[in-house]
Amino acid sequence: MKQNRLFKKFLAIFVCLILIPFLLLLLYLIFRANQLQLKNDLAQNENLALQTMNTVHQQNELARNMCRAVVQNQNLVDFLDKQYETMPDLLYYRTTIRDFVKVTNGVSDTKLQIYLENESIPMGFGIFYPMEYISQTRRFQQFYASDAESIWLADEPGVPVARNRFHSQEKCYHFLHKIQVASRCIGVIDAQVPERAYAITDLLSNRILTPKEWGRCQVYNYSGRELKAKELREMTAAEGTGYDRELVYSFEKNPAGPFDILVVTSRSGITNTTGLLALLVPVLFLALTTGFSLYNRQVIRDIHSCLDGMEMAIENNFEMPRDGRAEPIEQALQRNDEISVLASRINYLLQQIRTLLAQKIQQQTAAKEAQLLALQHQINPHFLYNTMEVFSSRMELAGLYEESGAISAFCRMLRYNMNTKELMTTLADEIGQVKYYLAIQKIRRIPFAVDFDIPKELMGERIIRFLLEPFVENSFKYRGTASPLKILISVRDAGQSIEVTIRNNGQTLTPQRMEELNQRFRQAPATVKTQGEHIGLNNINSRLKLFYGEEHFIQVGCENGETVFRFLLDRQAPAAENPPLL
């Protein structure tokens with residue numbers, strides 16, 4: 001498509017509604033530049049302050065959560081409270097405690113150490129110590145004797161909170177949490193957060209910003225200039241956001257945390273280019289017009305690429321180009337805006353059309369195969385039924401009642417299987433087919449028990465044929481050493497669908513085999529082809545996807561030592577609304 005009417009409309013709209021008003025408002029915008037710049041500086045400072053405060057709060061909350069994890073582990077608390085015995089507790093100490101230490105102290109820079117009143121617990125794993133290892137400062141003693149559950153303490157020069165710190169070469173903040181049994185305190189958990197954990201990555205300069213301590217306040221200085229004590233006092237005099245001629249700052253008091261937070265950024269300076277903007281209006285006019293024209297032409301060209309791609313697909317009957325040429329729509333997909341989204345949606349629709357056409361061809365092929373199969377099965381089937389019934393009658397006269405019943409059940413299964421004119425059947429008929437199969441299996445003298453957990457109101461649900469019996473046959477094939485073999489077929493109402501579950505106590509699947517089957521059933525393409533002479537689980541999985549959709553497939557699991565197969569079936573309209581297969 002080579003028309004440029006849309007390009008001319010865009011250009012006219014740009015000149016009349018955008019460019020001319022912009023030129024008229026240019027002087028006013030220059031006048032408002034300083035006010036807007038200040039707002040931008042305040043917004044940037046607030047964003048940086050929010051990022052900084054969130055990072056600090058996340059570190060503090062991580063320390064609290066790690067301590068809570070210890071206190072909420074009742075088995076661990078009971079172990080730390082009771083008298084340590086050598087043999088019974090050694091295994092628990094070397095296994096469960098060791099795993100706990102690995103998980104707890106392996107998630108972040110925050111490390112846990114536990115100080116206990118129970119001196120019978122041996123030190124170990126760099127986490128368990130007697131109470132004497134924690135510094136008995138006056139503030140700690142006041143906390144330990146109070147009703148408070150936790151407190152933040154910081155290392156002071158020459159007076160660390162703990163003698164055995166993980167981060168021995170740097171300053172740490174300590175979140176101390178009591179371990180209590182009833183009203184009795186048995187120890188303290190120390191979550192040690194190194195000062196470097198509170199460093200922030202400056203997204204503007206992509207550098208690590210380490211805070212500097214000023215009293216009880218940590219200063220995050222994004223301005224790059226040295227701050228004086230007088231300036232810091234003025235910034236921390238009141239909580240909130242403020243500014244002066246050169247700096248913008250945000251101050252938050254954090255009484256529940258280890259320190260208060262001050263975030264400082266620079267104000268943008270006024271440059272000489274602001275005064276020259278009025279002189280550059282003609283140049284700006286030409287640049288904007290040229291730039292918009294070029295961009296507008298590119299947008300229109302990419303829209304034409306989408307339309308040309310659709311036109312090419314229609315000309316090729318929605319097939320991929322056979323001459324190796326790339327579709328025109330591929331050019332629009334390289335963009336990063338709404339045009340690329342439009343192109344991707346058009347490309348997706350074209351692919352879906354191709355998929356639907358391929359499925360239509362596949363379904364037509366399956367219908368033809370079913371017609372041929374039906375013609376093959378119509379070669380006087382009544383002769384076969386009647387002959388088998390004669391065998392059954394003669395066996396019954398000879399006293400072979402089980403064999404006669406098995407032959408009769410086989411005849412019913414054969415009649416059901418050869419009725420290929422109907423794609424759908426009822427759940428009750430499928431259950432009857434399973435019972436016929438079980439009647440045949442009785443003559444093998446294999447001990448088994450099959451139960452059905454199906455509500456009566458679901459027995460009339462219409463489903464595709466040959467779904468349940470192959471699962472029962474598979475259970476007998478892989479029964480292993482189960483004696484008796486137990487099979488449970490259950491169906492439950494799932495709203496717009498019904499869920500079918502078949503479980504057996506036969507040979508269990510290894511996790512690798514289970515994962516292999518689930519991946520095969522989930523990713524296998526729906527196809528009308530079958531492997532071998534029998535209808536297997538792969539056949540069922542393909543028919544589920546062909547009839548109900550790609551999201552319907554067999555799921556394999558293991559519950560209580562039993563192998564479990566599950567799948568969902570969408571509910572169908574009554575029989576009168578479902579056309580036959582042929």
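Buried means under 20% relative accessible area, exposed over 50%, and partly exposed in between, with a 1.4 Å probe and protein chains only. By that cut-off, six of the seven residues of strand E12 are buried, so E12 is largely enclosed by the rest of the structure. Helices (H or I, at least four residues) and strands (E, at least two) are DSSP runs, numbered from the N terminus.

The model is predicted: local features need pLDDT of at least 70, side-chain atom pairs count only at pLDDT 80 or more, and totals for chains, interfaces and linings use all residues. Residues are numbered from 1 along each chain as its sequence is written, and side-chain values use heavy atoms, with hydrogens and water left out.

Stay with E12 and look at its partners. Two strands pair if DSSP finds at least two bridges between them. Strand E9 (residues 217–221) pairs with E12 in the parallel sense, over five bridges. Here glutamine 218 stands opposite isoleucine 261 of E12. Strand E11 (residues 247–252) runs antiparallel to E12 and is joined to it by six bridges. In that pairing, serine 250 stands opposite valine 263 of E12.

Now the core. A nonpolar core is a set of buried Ala, Val, Leu, Ile, Met, Phe, Trp, Tyr and Cys residues joined through side-chain atoms within 4.5 Å. The largest one has 40 residues, and Leu80, Leu112, Ile114, Phe128, Tyr198 and Tyr220 touch the most other members. Several elements give two or more residues to this core: helices H3 (33–71), H4 (74–81) and H6 (96–104), and strands E1 (111–116), E4 (172–181), E5 (184–194) and E12 (260–266). H3 provides the largest share of this core, eight residues. In soluble globular proteins, nonpolar side chains tend to be buried together.

Tyrosine 220 shows how these pieces meet. Contact means heavy atoms within 4.5 Å. Leaving out residues up to four places away in sequence, tyrosine 220 touches Thr52, Val56, Tyr198, Ile200, Leu209, Pro211, Ile261, Leu262, Val263 and Val264. Apart from this core lies another, of 37 residues, among them Ile446, Ile454, Phe521 and Val556.

Helix H4 has a sided pattern. Its buried residues are Leu76, Val77, Phe79 and Leu80. Seen down the axis of H4, they fall within an arc of 160°, taken from the directions from the helix axis to the C-beta atoms, so they line one face of the helix.

Move on to the open sheet. Its five strands have the order E14-E16-E17-E19-E18, with mixed pairing. Strand E14 (448–453) and strand E18 (555–559) are the edges, each pairing on one side only. The twist averages 20° from one strand to the next. Axes are lines fitted to C-alpha atoms, for helices over the stretch in contact, and angles run from 0 to 180 degrees between N-to-C directions. Within the sheet, strands E17 (residues 497–504) and E19 (residues 562–570) run antiparallel and are joined by eight bridges. Threonine 501 stands opposite arginine 566 of E19. Helix H16 (residues 469–477) lies across E14, strand E16 (485–494), E17 and E19, running at about 150° to E16.

Phenylalanine 466 sits in the loop between strand E15 (462–464) and H16. Its phi is positive, about 60°, although it is not a glycine. Proline 484 lies in the loop between H16 and E16. The peptide bond from serine 483 to proline 484 is cis, with omega near 5°. Asparagine 560, in the loop between E18 and E19, has a positive phi of about 55° although it is not a glycine. At 81% relative accessibility, asparagine 560 counts as exposed.

Finish with a helix pair. The axes of H17 (residues 511–523) and H18 (residues 537–548) come within 9 Å and cross at roughly 35°. H17 brings Arg520, Phe521, Arg522 and Gln523 to the contact, and H18 brings Leu537, Asn538, Asn541 and Lys545.

Leucine 537 of H18 is buried, with a relative accessible area of 15%. Not counting residues up to four places away in sequence, leucine 537 touches Pro470, Phe471, Asn474, Phe521, Ile554 and Phe565. Leucine 537 and proline 470 are 67 residues apart in sequence, yet 7.0 Å apart in space, C-alpha to C-alpha.
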